[in-house]
Amino acid sequence: MCEASKNIYLPHLATIEEIIQETHDIRSLKLIFQDEQVRENFTFRAGQFAEYSAFGAGESTFCIASPPTRKGYIECCFRAVGRVTEALGSLEVGDTVGVRGPYGNAFPIEEFFGKNLVFVAGGIALPPLRTVIWNCLDLREKFGDITIVYGARTENDLVYKRELKEWQERSDVRLVKTVDPGGDGPDWDGQVGFVPNVLGEAAPSAANTVALVCGPPIMIKFTLPELEKLGFTDNAIYTTLENRMKCGLGKCGRCNVGNVYVCKDGPVFTAAQVKAMPQEF
Amino acid sequence: MTKTISEKNLRLLIDALARQGKRIVGPKSDGPITLYAPLADGEELVLDEQPRRSAKETFFPLCETILTYEKGKEGVTVTNADCSRIPETVLIGARPCDAAGAPVLDAVFAWDTNDPFFLERRKKTTVLGLACTRADEACFCTAVGLSPADPKGADLFLTPLVGGGFACEAHSEKGETLLETHAGLLATADGEKSLPAAEPTVGTMNLEAIKAWLDTHFEDPLWDEIAARCAGCGTCAFLCPVCHCFDIVDEGGEIRGARRKSWDACGFGKFTQHASGHNPRDIQPQRFRNRVMHKFTYYQDKFGQTLCTGCGRCLRNCPAGIDLVEVLEQIQAEG
């Protein structure tokens, strides 16, 4: 046999403990590793990703959406849009999935100690920031003000609805949620508008603050100038690149932007790093 | 003391190695073409043709099982693929452009983490390289720093002699061992002259100047101009000794099946397509640019090597007639 510990493509097995239907086509899975040693020894940092597999369909890349401060399980969140995600989406509680990881770099959370944090997310791009948000909330005293600006097309497209409510009710978090015009229902109590505009109106101070931005390329494109207007420098803005990946190990040749391998050098980059890359993402 | 081997004894060497249970791979006729393929005996070895496909399959098969799975009442059982089944192999008659490919690929398969499948095959394979005495108009190994007589990647290197037979030079311990084990088939060189090595018409190129131009011309009309006719068929990548992009796919049924690594190509339209439909390399010129950039600058940045051995297969076989040498010459002229 290839020594199992040496087959870098071999996944850990995990059991689906809980399924949360976030929207009509987005699901969260709470996963528990089946092997006791893995369960105890699996550690990761906020921002890292994994390869999740539905056996028979294949592997897909998502971030680890739960915070490293919560032990014993991990969570992932995905929209059912392809062969693998549809297969993962059809699994039930108790079923087995594969997990390879954790891979990639992480948000330098320790460097954020003592600073204010502004999270800006759009649509299904909240999960890569949600891991950081909870990581920071679990260490709340280490950070200054925490502002979360999150938007989706419609009220129904927002993910982590229960947690949004929780954040909204906390006095130590400022949540600004928004939907695109026309996306609000009768009970909508948030803003109406495109994330970058709503961020501009919310106008969080850039003083001693880092901004963490995740969203579709178009949202990021319009968010960066807004942050700049607010006084954020490119080194104080962090984002993740969500390139298509297969191996996650810097070998399969798919996720590169110029000579940067997103799976190894990323997925977390500062805006300064992103701007220095060939603009192909 | 340089050793020599007659062509007859080279074929007998294959028979002897096969009798030891080794898998022998070498150039072999397959209808009208020549391919690197398992040889049943020494007579099958073709010595005067460059195989249509590269020898990379010896180390990196087109499709390879990395695990198997079986679903049962108790959940899923995953079985690790059996690397020990990879047979001891002798790759014989590898052209310098093919033998040189394996060490180039070591860089990517053994950096940071080790790909056990590639490395196990490398460990278990002895490469007998063969100098070229003939080049065609597509050959350009000299342009990428190799030569028709370069033993890079070969454990034992064979150089054709005037009047028949080959000089054999060991370039590794594996090569030495092979010479010692089969000393009876060898003779000691006695002033025989080597046939002159081939001389590719392309000559040398300034790879540094090419890289410098690439590093500053991510946006350039050249990319549209060259790649307008690229069909994105992936032939160039599949024939290339060092293109190594791969996919990981599950094949099989609901109950049992296998997960496999299989070749992929950055020229394919969906290679980089996101789940949302967004594609960072949406059009063919962007994909072609990535191919050239990966070979002549990104791989240099990462591993200090050029991801090209100048075998000429991509230009020889491109259905759209795209000529990488012309592209490099054009870049060199602009830079």
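Two residues are in contact if their C-beta atoms, placed from the backbone, lie within 7 Å. The model is predicted: local features need pLDDT of at least 70, side-chain atom pairs count only at pLDDT 80 or more, and totals for chains, interfaces and linings use all residues. Residues are numbered from 1 along each chain as its sequence is written, while chains are lettered from A and ligands numbered from 1 in the order in which they are written.

**Exercise 1. Arg53(B)**

Task: State where Arg53(B) is found, and decide whether Arg53(B) is buried or exposed.

Solution: 
- Step 1. Find the element. Arg53(B) is in the loop between strand S3 (33-38) and strand S4 (63-72) of chain B. Strands (E, at least two residues) and helices (H or I, at least four) are DSSP runs, numbered from the N terminus.
- Step 2. Apply the cut-offs. A residue is buried if 20 or more other C-beta atoms lie within 10 Å of its own, exposed if 12 or fewer, and partly exposed in between. Arg53(B) has 20 other C-beta atoms within 10 Å, so Arg53(B) is buried.
- Step 3. List the contacts. Not counting residues up to four places away in sequence, Arg53(B) touches Leu35(B), Tyr36(B) and Leu239(B).
- Step 4. Arg53(B) and Thr34(B) are 19 residues apart in sequence, and their C-alpha atoms are 8.3 Å apart.

**Exercise 2. Helix H6 of chain B**

Task: Describe how H6(B) packs against H11(B) and against H9(B).

Solution: 
- Step 1. Two packed helices are described by the angle between their axes and the distance between the axes. Axes are lines fitted to C-alpha atoms, for helices over the stretch in contact, and angles run from 0 to 180 degrees between N-to-C directions.
- Step 2. Take H11(B). Helix H6 (residues 207-216) and helix H11 (residues 324-334) of chain B pack at about 80°, with axes 9 Å apart. H6(B) is therefore roughly perpendicular to H11(B); angles under 35 degrees count as roughly parallel, over 145 as roughly antiparallel, 65 to 115 as roughly perpendicular and the rest as oblique.
- Step 3. Sort the residues of this contact. They divide into 6 nonpolar, 1 polar and 1 charged. Ala, Val, Leu, Ile, Met, Phe, Trp, Tyr, Cys and Pro count as nonpolar, Asp, Glu, Lys and Arg as charged, and the others, Gly among them, as polar.
- Step 4. Take H9(B). The axes of H6(B) and H9(B) come within 10 Å and cross at roughly 90°, so this pair is also roughly perpendicular.
- Step 5. Name the residues. H6(B) contributes Leu207(B), Ile210(B), Lys211(B), Leu214(B) and Asp215(B), and H9(B) contributes Met293(B), Phe296(B), Thr297(B) and Gln300(B). By class there are 5 nonpolar, 2 polar and 2 charged.
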